[in-house]
Amino acid sequence: MEAIPGGARLYVGCVALIALVCLAPVPALAGTPVTDPSRWAAGLLRADSSSWAVILLAALYAAGRRAARTRFPGSLPAPSPVAPVFHPVLLAGAFLLPPPAAALVPLPGILLARVEQRPAGVRRLWRAAQCVPAVWAAARVHGALGGRDTVAACAVPRALLPAAAAVLVYCAVLALLDGGIRVLAERVPARRAWRGRFSRSLAPLVVHGLAGLMMAVLWHSPYGPVAALLVLFPMGVAWWVFAQYHRERAAHHATIRALVQAVDIKDGYTRGHSERVGQASMMIARELGMDERRIEVLRFAGILHDVGKLGVPTRLLRKDGPLTPEERCVIELHPEYGHEITRGITFLGEARSAILHHHERLDGSGYPYGLVGRQIPEPARVVAVADAFDAMTSTRSYSRARPVAVALEELGRCAGTQFDPRMVGALVRALDRHGWHPVVTADESAPALPAPASPGDRRGVTR
């Protein structure tokens, strides 16, 4: 139970109370007081078609969610109350039903679903509490704009505006509540918790909203609910493709984690270095305006830039004294080893060029091939700056961490000879905007050795 902080539990409780308020008018649909559950349930079954719509949509949502968990375990992200294929079901409920009834649709599927992480009760309550207000708010806005009348009349052009407003509200409530739990449960800074969550979710939810509107309109057509359910077939196919893509990405990340862990075990003094270089590489790439695909490739490149150390003798990686010329030659083979190790990993793409060339210098004095200027691939120039920056701002067995300002000054001094000035400038701007919080990768009690003269020296940057 200690896995969830007290503040997060209080937040879940408050959202759950809001959900109960949203559901409070539900008994009125059956015309029976909630104090008599058996009579209320019987009354619900005798009620109008709205009640049957609740039952059918709730059963469809619960069955679909269970099938997804059984057939595609791991394809549903654990913190999410809904998978992509289920948004149309919930939005169709918002377009067809009064707000309290629409909010009832996701409850059986969420409350009866299996929860992998502990404490299961709190997590299950949170998923339900998050989803209910979102559906309720969407139905409320849709009804206030006359959406249910247009859906009942099958007036599709006029039905688009209320549906669009409902989707916007649905997306906004989910993003708002999700950001709050990230702040309290995951300790994400408030300025980052909500950033981009609404914009990233809106585009797919617009598509799901259109599918939900088609379901609602067909529900009122002469063909009835059966025709409405056919809308889910193409959505199900699309979700299956999404699930396969999610699995493939998970396999990619597992491959990378395994390689990084192997490097960290072999070269314990630089533990965590790979992930931080990946993060710094991403910051530079974003500042340069690269697309998301290339940003991810550069993150992979940063994380795996030192994977070739698996081919270097451990005694050289952990040696505290100066390296002999022969030992330096062996160390300088690690980019080529890394390139060979990742040769068969096709999804890395141009990240492999960064692994091979991240120790090249603009003036041609780098290794392994002595490339000059623009001959060095762009990903390698990005990773070179990220690698040097983290090496200087991290404590190791042979040097203490330098302040960020000092490291940036050193990078600026070497820009144009060792580093690409464009990449250095991008890192400076990104750090001004987002800051940097380096992680110590060696014991603070270790004696400090003299710091290197420049980031090109093996002792400070390229070990």
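Predicted model: local features only at pLDDT ≥ 70, side-chain atom pairs only at ≥ 80, totals over all residues.
# A guided tour of the model

Residues are numbered from 1 along each chain as its sequence is written, and side-chain values use heavy atoms, with hydrogens and water left out.

Switch to a cartoon view, and the secondary structure comes to 24 helices and 0 strands; these are DSSP runs numbered from the N terminus, H or I of at least four residues for helices and E of at least two for strands. Among contacts between residues at least 6 apart in sequence, 71% join residues at least 24 apart, a contact being heavy atoms within 4.5 Å.

**The cores**

Next select Leu57, Phe95, Leu97 and Tyr170, which have the most contacts inside the largest nonpolar core, a set of 60 residues. Such a core consists of buried Ala, Val, Leu, Ile, Met, Phe, Trp, Tyr and Cys residues joined through side-chain atoms within 4.5 Å. The helices that each supply at least two residues of this core include helix 1 (6-23), helix 4 (49-71), helix 10 (156-185) and helix 12 (197-219), and helix 8 gives the most, with 11 residues. Apart from this core lies another, of 45 residues, among them Val260, Ala280, Leu298 and Phe419.

Returning to Phe95 and leaving aside its neighbours within four places in sequence, you will find Phe95 in contact with residues including His142, Arg148, Val167, Gly209 and Leu213.

**The second largest pocket**

Now select Arg192, Arg195, Met282, Met283 and Arg286, which are the closest to the centre of the second largest pocket among the 29 residues that line it. About 1,100 Å³ of space lies in this pocket. On a 1 Å grid over the protein atoms alone, a pocket is an open set of points with protein on both sides within 12 Å along at least five of seven lines, a cavity is a set where a 1.4 Å probe fits but cannot get out, and lining residues have an atom within 4 Å of a point. Grid points are joined across faces, edges and corners, and a volume is the space filled by probe spheres set on the points.

Helix 15 gives the most to this lining, with 7 residues, and the lining residues divide into 8 nonpolar, 5 polar and 16 charged. Here Ala, Val, Leu, Ile, Met, Phe, Trp, Tyr, Cys and Pro count as nonpolar, Asp, Glu, Lys and Arg as charged, and the others, Gly among them, as polar. Colour domain 1 (6-24 + 49-73 + 80-240) and domain 2 (267-434) separately, and you can see that each gives at least three residues to the lining of the second largest pocket; the domain bounds come from an automatic or database domain assignment.

**The cavity**

A search of the whole structure finds 1 cavity of 30 Å³ or more, and about 40 Å³ of space lies in the largest cavity. Residues to select around it include His357, Glu360, Arg381, Phe419 and Asp420, while helix 21 (residues 378-393) gives the most to its lining, with 3 residues.

**Two backbone details**

Finish with Tyr367 and Pro368, joined by a cis peptide bond with omega about 15 degrees, and then with Cys154, a residue other than glycine whose phi is positive, near 55 degrees. Cys154 is found in the loop between helix 9 (147-152) and helix 10.

Notes
Buried < 20%, exposed > 50% of the residue type's maximum accessible area, 1.4 Å probe, protein only.
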